[in-house]
Amino acid sequence: MIYLDNAATTRMFEGAVDEYQKFACNLFYNPSAFYREGREVKACLDQARKSLLKKLGATKGDIIFTSGATESNNLAIMGAKRNGSWEYIFSMGEHPSVYNVAKELEQQRCKVHYLPLLENGQVDYSNLENLINDKTRLVCVMHVSNETGVVNDIEKISEIVKTKSKALLHVDGVQAFNKIDFALDKLNVDSYTISAHKFHGPKGVGALYVKNKSNIKNIVFGGGQEENLRSGTENTSGIMAMKWANEHINVRENFDKALLLKQTMTKILLQDNNIKIIDSESPYIMSVSYKGVNGETLARILQDEGVLVSTGSACSTKKAGNRTLESMGLKKEDVVSSIRISFNAYMSEAEIKDAGEIILKCASKLSELKT
Ligand code: PMP
């Protein structure tokens with residue numbers, strides 16, 4: 001089987017599994033306990049915070065551990081919401097864990113603006129300049145699209161946001177962290193979401209980076225853990241396994257490896273001129289369509305041939321269409337034909353070559369069936 005759905009989730013590093021087990025079975029103590037064993041686990045969590053802050057390139061701010069990116073995004077948005085006539089801006093390319101929170105804000109009668117995407121998949125920067133004003137409370141733009149791999153210029157966005165308003169800038173960095181090189185100090189964001197299972201850590205654990213924790217309020221109520229921003233006993237095993245994964249990824253080295261894989265796949269697929277590939281900077285994700293072939297049918301046939309890809313975001317497979325591709329202005333038939341291929345840096349070129357040939361073979365067979 002050739003797994004090409006790494007944007008949905010990745011295989012855990014074995015070292016991370018060992019670390020998970022260590023904190024589940026040996027160092028299982030509650031980090032809030034007063035006795036020494038508990039305090040030792042708490043110290044380990046603080047090391048994990050430092051490890052993440054360092055990799056994020058942030059010299060100030062806090063790490064709030066959560067159950068993953070969905071919760072981090074909810075906390076960043078709902079925690080930033082304030083009563084009064086505030087306005088909120090969301091890009092049209094956001095993951096459902098952001099976009100559906102925007103919809104909830106609308107339900108709660110907040111004024112919400114949606115920022116369209118440009119043809120190249122980035123957010124429309126000039127439109128942002130027009131939308132932003134004194135009343136803007138929060139702007140949400142993802143770093144790397146989980147659908148296309150397109151990278152938004154977050155530095156440029158924060159420049160616009162900070163010069164034109166006092167608004168907070170939240171960034172969903174799930175497909176960027178430990179995949180592309182950046183430093184939060186330079187990006188100048190107020191909050192940033194990460195998720196462990198996208199970089200070979202466990203599922204159900206992630207974090208929200210907050211530059212200034214007084215800008216957000218807790219959305220769950222309880223024992224006051226995580227600076228009172230996320231009550232509940234921390235997932236110590238998950239957090240320590242995430243730390244392990246974080247410390248065993250060399251972002252630049254992996255970037256180069258993934259880029260080679262993407263280039264190999266691109267070269268093979270473009271042998272057939274029915275193939276269209278959306279140009280994107282992330283070497284980990286590519287959105288591909290084959291003229292006249294339904295993407296979902298193709299993905300199912302590929303599954304039978306041992307190649308696993310996705311049609312759009314795995315989190316929203318039940319929904320028809322694709323908000324990101326539609327907002328970029330893709331023709332309906334190209335949206336319907338799309339599949340998403342996503343890599344990890346530990347795959348071999350031979351695997352990619354095999355998968356590329358299988359994709360071409362299946363797609364051309366399907367298109368012949370139709371004609
Ligand atoms: N944001 C993006 C960009 C994602 O790709 C995903 C995972 N599909 C999420 C958020 C949600 O992540 P989690 O599974 O950790 O809740």
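Me: In which loop is aspartate 190 found?
Reply: Welcome! This is a predicted model, where local features need pLDDT of at least 70 and side-chain atom pairs count only at pLDDT 80 or more, while totals for chains, interfaces and linings use all residues. Residues are numbered from 1 along each chain as its sequence is written, and side-chain values use heavy atoms, with hydrogens and water left out. With helices (H or I, at least four residues) and strands (E, at least two) taken as DSSP runs numbered from the N terminus, aspartate 190 falls in the loop between α7 and β7.

Me: Is aspartate 190 buried or exposed?
Reply: Buried means under 20% relative accessible area, exposed over 50%, and partly exposed in between, with a 1.4 Å probe and protein chains only. Aspartate 190 has 10% relative accessibility, so it counts as buried.

Me: How long is the polar contact that joins the side chains of aspartate 190 and lysine 162?
Reply: A polar contact is a pair of N or O atoms within 3.5 Å; within protein, one must be able to donate a hydrogen and the other to accept it, and residues adjacent in sequence count only if both atoms are side-chain atoms. The side chains of aspartate 190 and lysine 162 are joined at 2.6 Å.

Me: Which residues come nearest to the ligand?
Reply: A residue is near a molecule or strand if one of its heavy atoms lies within 4 Å of it. There are 14 residues around the ligand, and those that come nearest are Thr70, Asp172, Gln175, Ser195 and Lys198.

Me: What share of the ligand's exposed area does the protein bury?
Reply: Let's begin with the atoms: a polar side-chain atom of aspartate 172 lies 2.6 Å from a ligand nitrogen, and an N or O atom in the side chain of serine 195 is 2.7 Å from a ligand oxygen. Histidine 197 places a polar side-chain atom 2.9 Å from an oxygen atom of the ligand. By the Shrake-Rupley method (1.4 Å probe; for residues, only the protein chains shown count as cover), the ligand taken alone exposes 400 Å², and the part buried by the protein is 89%.

Me: How many aromatic pairs are there?
Reply: Rings of Phe, Tyr and Trp (its six-membered ring) pair if their centres lie within 6.5 Å; planes under 30 degrees apart count as stacked, over 60 as edge-to-face and the rest as tilted. By this rule the count is seven.

Me: How far apart in the chain are phenylalanine 13 and tryptophan 244?
Reply: These two form an edge-to-face aromatic pair, 6.0 Å centre to centre with 65° between the planes. Phenylalanine 13 sits in the loop between β1 (2-3) and α1 (14-26), and tryptophan 244 in helix α8 (residues 236-247), a separation of 231 residues.

Me: Why is the pair of phenylalanine 177 and phenylalanine 199 edge-to-face?
Reply: Phenylalanine 177 is buried at 2% relative accessibility, as is phenylalanine 199 at 1%. Their ring centres are 5.3 Å apart, and the pair is edge-to-face because the planes stand at 85°.
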